[in-house]
Amino acid sequence: MVATFYGGKFFSRTFEVKNAAKHDVKTRHLSCARKNDDDSFMKIMEACKRLKHVRTLLQLNFRKDGGIPEGDSVAVPSDLLEQLKCLRVLSFKFFPDDENLLHHSIGELIHLRYLDLSDTSIVTLPESLSCLYNLQTLKLTYCKKLKKLPSKMQNLVNLRHLDVSETGLEEMPKKMSELKDLQFLSSYIVGKHEENGVGELGELAHLHGSLWIEKLENVKNSGEASNARMDEKIHLNTLYLWWSTFEESEVCDSQSEKDVLDKLRPHKDLKKLSISCYRGTMFPDWVGQSLYHNMTWLELRGCRNCWVLPSLGQLPSLKRLLISGLDKLKKIGGSFYKGDGTHQHQETPFRSLKFFIIQRMPCWEEWESYECDDDKDAPFPQLDELHILQCPKLRGDLPTFLPSLKSLFIYECKELGCYLPRAPILRKLIIRDKQEARMRELPLSMLETLVINGEQLVDSLFEAMTHTQPTSLIELDISECSSAISFPEDSLPPSLEYLGIFNCKNVEFPMHHQQHHSLQRLEFVNSCDSLTSFALPAFPNLKYLRIARREKLTSLEVSQSLRELSISDCPKLENIIRLPACLWELKIRESTFAPCLVLHPNVRPFVTFLGVAPACLPVPFVGFATNKLKRSWSKLNLESRGTWSRMIS
């Protein structure tokens, strides 16, 4: 806005000028809106014919998500850009699939400095693009159909910025090393020949920011990797080293793979590193060395042949760590914490780590405890969040003491039978799937979200609640417990907003005499068998209720604040007392009383019935609902709309 105000007649927008003749001939910077109509495009064409000395042609996109609508391509005359010989900046997304619409024009723009063709469906770039000797920036992001770059890209000697992220490129063109002034290269896809191999990166000494190196399986030996001179690229802060995925039947020379990765060693000030689908069995020594004092983020993904982790515990600034898909790893031992080979004084392992995910480890069985005399020396002193996911053979142990842990997630670890870490300020504990993990101490006064599974944990929870009231608990989800247990003092935690009980038939639900104002969502699935009648007036703010697989339930009295009610597989349920007038959605599956319920005066016409034969619904009700539905459509939530429209169609 400031530029257009002070620039005056030198700036013009096609969407603000109805007549192309009104564009001032002095205009040097032209912008247009992205619209899918011939009228707006003709305005651009007319403006370009009049403004032959324009320096900038910039397309503005007013969509909030920044995306380009599918099928939103416009035929572009091949002489469009030939009229704009003075262009310096071109950011345009009207080019469709046909490369010839670009071919006869782009090479004529010898003054072009900046070219952005991002988000287009262009398949190939014309060779004439290599004649743009003054080009400094080329952006091709999200050109998903683009398979290759012009073969003489090395002619663009003034190129500073090349962004080919999220494209379909299969390999880089030859002699990229001649682009010696390149400062940003989003990705380098290693080719199979020396002239487009990884060694071409060696001369690109001024690269800044992040760099993805892909298809590293095409690097034949450590000599080629050494020629990339990655340790000299001191301005890079993020490096992704990616091999293509491979089958187990493929034979890999583990020592050769290790030597290649060793020679791709980055400079010591790197901040972020990701290694994906590496094919060796062990990592070289530099991975995890404490001399990488600025490294804050590390990922090891899909390294399926690796059977041992590198020593990562002495990385002094590491804050985020992800380990995933190391199929042959069976044990995380003491070397994980220390012993990186630098012979320096050993500090507290993982002293800066805050976020740790370890997932998809099918053979991992043991996590060896770190031995220390004092809790002050325990590893992970600042760990805030720990995820252990899809490790079906893991038995134990977990870290014993995590003083800063606030969130612990454990999914699909069915063999886990050890104690959970002591975590005095834990806020969120989520454990899915049945296992036999146990708790030493549960900080009930701090917990806000608790999702647990299995008798060991559920029994431990209810035992702990007899001694300490969970005053901060907002969400509670318990499942898979056959023990006969009840809530202490026949009351729910006062702060509780959500309660879910699943497959816990012998849990006693507290029938409140005092009102509980916090609870808003309640779910029972195959649980609380002792209840044959269920009265919920004590929950004046309850908004959502789901009851499923309750074979003995005969009657239900709901809160008058209820907005959504879901009932399924309750064959003996005969009556719902005081159905609230504010109810917006009712779902019924496999229940015999549903046809009678539709005549209830508080059932709105857009309430949904699932699993009820249409013939059971009274004809007047269906007719009234159909007409009323048209007038009330804007009030329906999306799920109700879809369900009801399917029922009456």
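## Overall make-up

The chain holds nine helices and 32 strands. Both kinds of element are DSSP runs numbered from the N terminus: helices are H or I over at least four residues, strands are E over at least two. Of the 649 residues, 49% are buried. Here buried means under 20% relative accessible area, exposed means over 50%, and partly exposed lies in between, with a 1.4 Å probe and protein chains only.

This is a predicted model, in which local features need pLDDT of at least 70, side-chain atom pairs count only at pLDDT 80 or more, and totals for chains, interfaces and linings use all residues. Residues are numbered from 1 along each chain as its sequence is written, and side-chain values use heavy atoms, with hydrogens and water left out.

## Confidence

The average pLDDT of the chain is 81, and 76% of the residues score at least 70. pLDDT is the predictor's confidence in each residue, from 0 to 100. Residues 1-21 stay under 50; the model gives them 43 contacts beyond four places in sequence. Residues 62-76 also stay under 50, with 22 such contacts. A contact means heavy atoms within 4.5 Å. Where pLDDT is low, the predicted coordinates should not be read in detail.

Among contacts between residues at least 6 apart in sequence, 46% join residues at least 24 apart.

## The nonpolar core

The largest nonpolar core has 154 residues. Such a core is a set of buried Ala, Val, Leu, Ile, Met, Phe, Trp, Tyr and Cys residues joined through side-chain atoms within 4.5 Å. Phe-356, Leu-429, Phe-509 and Leu-556 have the most contacts inside this core. Helix α6 supplies its largest share, six residues.

Take Phe-509. Beyond its neighbours within four places in sequence, Phe-509 contacts several residues, including Leu-492, Ile-501, Phe-524, Phe-534 and Phe-539.

## Helix α6

Helix α6 spans residues 455-465, and its buried residues are Leu-457, Val-458, Leu-461, Phe-462, Ala-464 and Met-465. Seen down the axis, these buried residues fall within an arc of 160°, so they line one face of α6. The arc is taken from the directions between the helix axis and the C-beta atoms. An α-helix has 3.6 residues a turn, so residues three or four places apart point the same way.

What covers this face? The cover over the buried residues of α6 includes strands β20 (428-431), β21 (449-453), β22 (475-479) and β23 (485-486).

## Parallel strands

Strands β27, β29 and β31 form an open sheet in that order, with parallel pairing. The edges are β27 (533-535) and β31 (575-577); each has a single partner strand, so one side of each is left without a neighbour in the sheet. Two strands pair if DSSP finds at least two bridges between them. Strand β29 (residues 555-557) pairs with β31 over three bridges. Leu-556 has Ile-576 in β31 as its bridge partner.

Strand β26 (residues 521-525) has four of its five residues buried, so it is largely enclosed by the rest of the structure. Five bridges join β26 to β24 (residues 498-502) in parallel, and Phe-502 stands opposite Val-525. β26 also pairs with β28 (residues 544-548) in the parallel sense, over five bridges. There, Arg-521 has Tyr-544 as its bridge partner. Strand β30 (residues 564-568) pairs in parallel with β32 over five bridges. In β32 (residues 585-589), four of the five residues are buried.

## Loop residues

Is Ala-437 buried or exposed? At 0% relative accessibility, Ala-437 counts as buried. Ala-437 sits in the loop between β20 and β21. Its contacts beyond four places in sequence are Leu-416, Gly-417, Cys-418, Leu-420, Gln-456 and Leu-457. The C-alpha atoms of Ala-437 and Gly-454 are separated by 8.6 Å, with the two residues 17 apart along the chain.

Some loops have backbone details to look up. The peptide bond from Gly-396 to Asp-397 is cis, with omega near -10°. Asp-397 lies between β18 (385-389) and β19 (407-411). Lys-175 is not a glycine but has a positive phi of about 65°; its relative accessible area is 34%, so Lys-175 is partly exposed. Asn-526 has a positive phi near 55°. Asn-526 is in the loop between β26 and β27, and counts as buried at 12% relative accessibility.
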